[in-house]
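User: I am new to this structure and would like to learn how to read it, one feature at a time. Could we begin once it is in view?

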Amino acid sequence: MDDFERELSEAMKRQPAPADLKRKVLERRRREHAQRRQSRVMWWQRLAASIVLAGVAGGAVYWRHTVEVHKGEEAKQQVFTALRIANRALEQMNVQLEQQNRKAE
Amino acid sequence: MAGDWQPDFEQLVDEHQSMVFSLALRMTGDRGLAEEIAQDVFLELDRHLGRIESPLHALAWLRRVAMSRSTDALRRRRVRGVNMWVEINENHCAQVDEDSSPMAVRLAAKVDRLLATLPEAQRAALVMRYQEDLTPEEIAATLGAPLATVKSHLQRGLKLLRAKASTHLQEYSRGA
């Protein structure tokens with residue numbers, strides 16, 4: 001290092017930072033931490049809301065499906081009942097026809 | 001042991017605020033912007049605090065980020081068409097150590113003005129070399145540049161500065 005470089009080192013010493021730099025940094029840090037905490041809380045709130053919504057929607061779909069299955073089952077039972085009634089009527093008619101045939105003979 | 005070291009943010013700010021601010025100030029020449037850069041650098045440090053392994057790591061990390069933030073700020077200003085160094089802030093060297101003589105203060109201001117006329121890469125290398133007292137190898141590691149490039153920037157920057165100083169500082173000496 002020659003004289004010029006030594007003078008340069010001397011002239012280029014670190015300068016003191018503004019007196020309130022640390023205060024400003026700590027203030028911004030506090031704000032940033034609060035914001036981060038807030039956004040974390042909001043994230044959890046959104047997640048919880050999404051889970052609740054998904055649960056409600058899923059429940060609704062399941063309920064609707066159950067109602068439809070129940071209705072289908074009822075309709076099936078009605079059809080079976082109708083078929084049983086028709087079958088009985090046909091059997092009665094058959095009996096009557098056989099009785100009439102026998103009388104005719 | 002380095003592994004047991006727990007970073008204390010406030011202590012790191014206390015220890016390194018002058019270094020970070022001075023790097024930003026010498027790179028940008030704008031006290032307001034330098035203060036803003038220093039704040040941003042420390043907030044970034046806070047976000048990376050968990051990854052800082054030792055006091056030396058913190059120092060190197062702060063130097064690297066301060067330089068990179070200052071370069072980004074200069075680039076943004078250039079894009080906006082503002083030449084930051086056209087007019088150096090008159091208060092550039094207003095805050096100095098109380099034990100510095102007025103002549104030393106004026107000399108430092110003069111050197112900063114001359115430094116400001118150098119190309120950005122040369123200025124960065126010289127600031128790291130003479131403000132931070134780093135070796136070319138350390139500067140290369142900090143700036144992420146090849147060693148040969150750093151040496152070339154140092155050599156050319158010093159030559160240019162010497163040439164400018166030979167006229168300006170002689171005038172200054174005569175004036176003083």
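Analyst: Let us begin with what is meant by an element: helices (H or I, at least four residues) and strands (E, at least two) are DSSP runs, numbered from the N terminus. Read along its sequence, chain B follows the pattern α-α-α-α-α-α-α, with seven helices and zero strands. This is a predicted model, in which local features need pLDDT of at least 70 and side-chain atom pairs count only at pLDDT 80 or more, while totals for chains, interfaces and linings use all residues. Residues are numbered from 1 along each chain as its sequence is written, and chains are lettered from A and ligands numbered from 1 in the order in which they are written.

User: How many residues of helix 2 of chain A are buried, and what share of chain B is buried?

Analyst: A residue is buried if 20 or more other C-beta atoms, placed from the backbone, lie within 10 Å of its own, exposed if 12 or fewer, and partly exposed in between. In helix 2 of chain A the number buried is two of the 84 residues, so this helix lies largely in the open. In chain B, buried residues make up 38% of the 176 residues.

User: Where in chain B can I see burial in detail, and what packs against the buried residues of helix 3?

Analyst: In helix 3 of chain B the buried residues include Trp61(B), Leu62(B), Arg63(B) and Met67(B). The buried residues of this helix pack against helix 1 (9-28), helix 2 (31-47), helix 5 (120-131) and helix 6 (136-143) of chain B. Arg63(B) counts as buried because 23 other C-beta atoms lie within 10 Å. Two residues are in contact if their C-beta atoms, placed from the backbone, lie within 7 Å, and, leaving aside its neighbours within four places in sequence, Arg63(B) is in contact with Leu23(B), Glu132(B) and Thr142(B).

User: How many residues of chain A are in contact with chain B, and which element gives the most?

Analyst: On chain A, 17 residues are in contact with 24 residues of chain B. Helix 2 of chain A gives the most to this side, with seven residues. With Ala, Val, Leu, Ile, Met, Phe, Trp, Tyr, Cys and Pro counted as nonpolar, Asp, Glu, Lys and Arg as charged, and the others, Gly among them, as polar, the residues of this side of chain A divide into nine nonpolar, two polar and six charged.

User: What is the crossing angle of helix 2 of chain A and helix 1 of chain B?

Analyst: Axes are lines fitted to C-alpha atoms, for helices over the stretch in contact, and angles run from 0 to 180 degrees between N-to-C directions. Angles under 35 degrees count as roughly parallel, over 145 as roughly antiparallel, 65 to 115 as roughly perpendicular and the rest as oblique. These two axes come within 10 Å and cross at roughly 110°, and the helices are therefore roughly perpendicular to each other. Leu21(A), Lys22(A) and Val25(A) meet Val13(B), Asp14(B), Gln17(B) and Phe21(B) there.
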